[in-house]
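Hello,

Here is the structure we talked about handing over. Please open it first, then read the notes below it.

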Amino acid sequence: MCWRADFDWTGLRILASAQLRHGAIPWRMGAADYFAGLELGESTPLTGSPAASLWDQALADAMAAAGRAVMEERLIPALLADLTRTR
């Protein structure tokens with residue numbers, strides 16, 4: 001099962017929990033996806049306690065360095081493209 005969340009500390013915790021409890025596979029939750037979301041603008045300040053991204057340590061590092069959160073709604077075009085891609 002693929003899973004994604006916001007690029008904020010809570011989102012990283014949610015995905016880590018889903019991985020442990022349900023074997024979830026991160027979907028567009030890597031550092032490259034985070035940077036793509038930042039480029040789209042409308043990010044918000046990253047708040048709260050940092051969390052790890054065990055599936056991509058570069059992600060947590062990038063988020064801490066940028067200090068910005070990216071809500072998953074920013075990635076809707078890419079997510080829809082994934083879902084409509086012919087297999």
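Is Arg4 buried or exposed? Arg4 is buried, because its relative accessible area is 10% and the cut-off for buried is under 20%. Please keep in mind that this is a predicted model.

**Salt bridges**

Arg4 has a charged partner. Its salt bridge is with Glu72, and the closest N and O atoms are 3.1 Å apart. Glu72 sits in the loop between β4 (68-69) and α4 (76-84), while Arg4 sits in the loop between β1 (2-3) and α1 (9-22), so the pair ties together parts that are 68 residues apart in sequence. Glu72 counts as partly exposed, at 27% relative accessibility.

How many salt bridges does a search of the whole structure find? The number is five. Two others are worth a look here.

Take Arg28 and Asp82. They form a salt bridge, with the closest N and O atoms 2.7 Å apart. Arg28 is in the loop between β2 (25-26) and α2, and Asp82 is in helix α4. The two residues are 54 apart, and the pair links distant parts of the chain. Asp82 is buried, with a relative accessible area of 7%. Arg28 counts as partly exposed, at 29%.

This pair also belongs to a network. Salt bridges link Arg28, Asp33, Asp82 and Arg85. One of the four, Asp33, comes up again below as a buried residue of α2.

Next, Arg74 and Glu42. Their salt bridge has its closest N and O atoms 3.8 Å apart. Arg74 lies in the loop between β4 and α4, and Glu42 lies in the loop between α2 and β3 (44-45), so the pair ties together parts that are 32 residues apart in sequence. Arg74 is partly exposed, with a relative accessible area of 24%. Glu42 is exposed, at 67%.

For background, side chains of opposite charge can pair when their charged atoms come close.

**Helix α2 and its neighbor α3**

Now the helices. Two packed helices are described by the angle between their axes and the distance between the axes. Helix α2 covers residues 31-39 and helix α3 covers residues 57-66. Their axes come within 8 Å and cross at roughly 30 degrees. That makes α2 roughly parallel to α3, because angles under 35 degrees count as roughly parallel.

Which residues make the contact? From α2 they are Ala31, Tyr34, Phe35 and Leu38. From α3 they are Ala58, Leu59, Ala62, Met63 and Ala66. By class, this contact has nine nonpolar residues, no polar ones and no charged ones.

Helix α2 has a buried side. Ala31, Asp33, Tyr34 and Gly37 are buried in α2. Their arc around the axis is only 160 degrees, which puts them on the same side of α2. What covers the buried residues of α2 includes α3 and β4.

What does the face turned away from the buried side of α2 carry? That face carries the exposed residues Ala32 and Glu39.

**Backbone angles**

Most residues other than glycine have a negative phi.

- Gly41 follows α2, and its phi is positive, near 80 degrees.
- Arg28 is not a glycine, yet its phi is positive, about 50 degrees.
- Glu42 is a residue other than glycine too, and its phi is positive, near 60 degrees.

Arg28 is the salt-bridge partner of Asp82, and Glu42 is the partner of Arg74.

**An exposed leucine**

One last residue. Where is Leu83? Leu83 is in helix α4. Leu83 is exposed, with a relative accessible area of 61%. From Leu83 to Asp56 is 22 Å in space, C-alpha to C-alpha. In sequence, Leu83 and Asp56 are 27 residues apart.

Best wishes

Notes:
Residues numbered from 1 in each chain as written. Predicted model: local features only at pLDDT ≥ 70, side-chain atom pairs only at ≥ 80, totals over all residues. Heavy atoms only, no water. Axes fitted to C-alpha atoms, helices over the stretch in contact; angles between N-to-C directions. Parallel < 35°, antiparallel > 145°, perpendicular 65-115°, else oblique. Contact = heavy atoms within 4.5 Å. Nonpolar A, V, L, I, M, F, W, Y, C, P; charged D, E, K, R; others polar. Salt bridge = Lys/Arg side-chain N within 4 Å of Asp/Glu carboxyl O. Buried < 20%, exposed > 50% of the residue type's maximum accessible area, 1.4 Å probe, protein only. Arc of directions from axis to C-beta.
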